[in-house]
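Hi everyone, thanks for having me. Have a look at the structure on the screen, and I'll talk you through it.

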Amino acid sequence: MKEIASNKVSGGWQKRYQHTSEVLACDMVFSVYLPPQAATQKVPVLYWLSGLTCNDQNFVTKAGAQRYAAEYGVAIIAPDTSPRGESVADDDAWDFAQGAGFYLNATQSPWSDNFRMYDYIVEELPALINRTQPVDSARCGIFGHSMGGHGALTIALKNPDKYRSVSAFSPICAPMQCAWGEKAFSQYLGSDRELWRQYDSCELISKATQKIPLLVDQGGDDEFLEQQLKPEVLQLVCAEHNHPLTLRMKTGYDHSYYFISSFIGDHIKHHAEALSL
């Protein structure tokens with residue numbers, strides 16, 4: 001692992017690293033924010049998953065999360081959204097392939113050679129972080145935006161033993177019922193829709209044995225709200241299965257980091273309170 005950037009902010013350190021991923025078979029870059037408290041003790045850790053077209057830097061430079069992470073004493077890990085590189089399969093579309101890994105394990109060629117973001121986020125990256133950073137792996141949460149909100153919800157629902165808290169901004173709530181999800185799933189996973197269910201939050205909630213509370217913020221003026229995000233489907237499924245959900249519709253807000261930066265403090269507080277137990 002190689003440190004490629006380090007900047008002091010809000011009393012802590014925003015760092016960026018490069019490493020070779022065996023799971024993804026390519027070099028990967030990720031960012032780490034260490035709050036001031038990490039200088040003397042292990043701190044709780046949050047994993048942030050970004051959305052379509054993003055890399056690790058969008059959240060780091062636009063969300064304004066560092067001041068709240070410093071206030072509550074939590075580290076934040078921000079990985080990239082897909083494998084990258086000349087040897088990694090790609091597509092000309094902005095909503096698929098590099099920059100759009102959908103946090104799943106691809107089974108179809110050529111994507112299955114590299115696109116195993118689920119294993120990277122759940123297994124390989126945390127193992128690396130736990131070995132090299134002053135974090136308390138027993139106090140771990142996950143959150144994200146859009147495609148990353150989808151990833152955060154599905155990963156937490158599938159791994160309630162690993163994550164004590166989860167939240168999302170504008171998540172793709174029902175990917176089996178929207179164009180983004182259908183496109184990604186059909187190419188990464190093939191035509192068998194039964195295989196898709198393991199990466200759909202609404203499908204997972206219907207089978208969840210542990211009911212981890214969900215916090216979801218959604219902008220009311222989000223241009224993708226009706227066609228792609230479908231929070232009303234998530235709300236109905238959670239109500240049907242008595243799964244705890246706090247869905248906050250925010251009038252006037254869109255899909256951008258202006259929205260995320262407005263409420264990132266609420267989300268970090270939500271996680272910090274859950275991880276302090």
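First, some ground rules. This is a predicted model, where local features need pLDDT of at least 70 and side-chain atom pairs count only at pLDDT 80 or more, while totals for chains, interfaces and linings use all residues. Residues are numbered from 1 along each chain as its sequence is written, and side-chain values use heavy atoms, leaving out hydrogens and water.

Okay, the overall picture. The protein has ten helices and nine strands; those are DSSP runs, H or I of at least four residues for helices and E of at least two for strands, numbered from the N terminus. Its radius of gyration is 17 Å, close to the 19 Å from the globule rule for 277 residues, so the protein is as compact as a globular protein of that length. That radius is taken over C-alpha atoms, and the rule is 2.2 Å times the number of residues to the power 0.38. The C-alpha atoms fill a box of roughly 50 × 45 × 35 Å along the principal axes.

How much of the protein is buried? Of the 277 residues, 57% count as buried. Buried means under 20% relative accessible area, exposed over 50%, and partly exposed in between, with a 1.4 Å probe and protein chains only.

Now the sheet. Nine strands make an open sheet with mixed pairing, in the order β1-β2-β3-β5-β4-β6-β7-β8-β9. Strands pair if DSSP finds at least two bridges between them. On average, neighbouring strands are turned by 20° against each other, direction ignored.

Let's zoom in on β6, residues 135-145. Strand β4 (residues 43-49) pairs with β6 in the parallel sense over six bridges, and Tyr47 has Ile142 in β6 as its bridge partner. Strands β6 and β7 also run parallel, joined by five bridges; here Gly141 has Ser165 in β7 as its partner.

And is β7 covered or open? Strand β7 (residues 165-169) is mostly covered, with five of its five residues buried. Ser165, Ser167 and Phe169 are on one side, Val166 and Ala168 on the other, and all are buried.

Next, helices on the sheet. Helix α3 (residues 117-132) lies across β2, β3, β4, β5 and β6, running at about 55° to β3. Helix α9 (residues 231-240) packs on the sheet too, touching β8 and β9, and its direction makes about 155° with that of β9. For these angles, axes are lines fitted to C-alpha atoms, for helices over the stretch in contact, and angles run from 0 to 180 degrees between N-to-C directions. Contact means heavy atoms within 4.5 Å.

Glu232 is in helix α9, and at 41% relative accessibility it counts as partly exposed. The C-alpha atoms of Glu232 and Ala174 are 9.5 Å apart, though 58 residues separate them along the chain.

Last stop, the cysteines. How many disulfides are there? The count is zero, where a disulfide is a pair of cysteine sulfur atoms within 2.5 Å. The sulfur of Cys26 is 18 Å from the closest cysteine sulfur, in Cys54, which is too far for a bond. Cys26 is buried, at 8% relative accessible area, and Cys140 is buried at 6%.

That's my tour, thanks!
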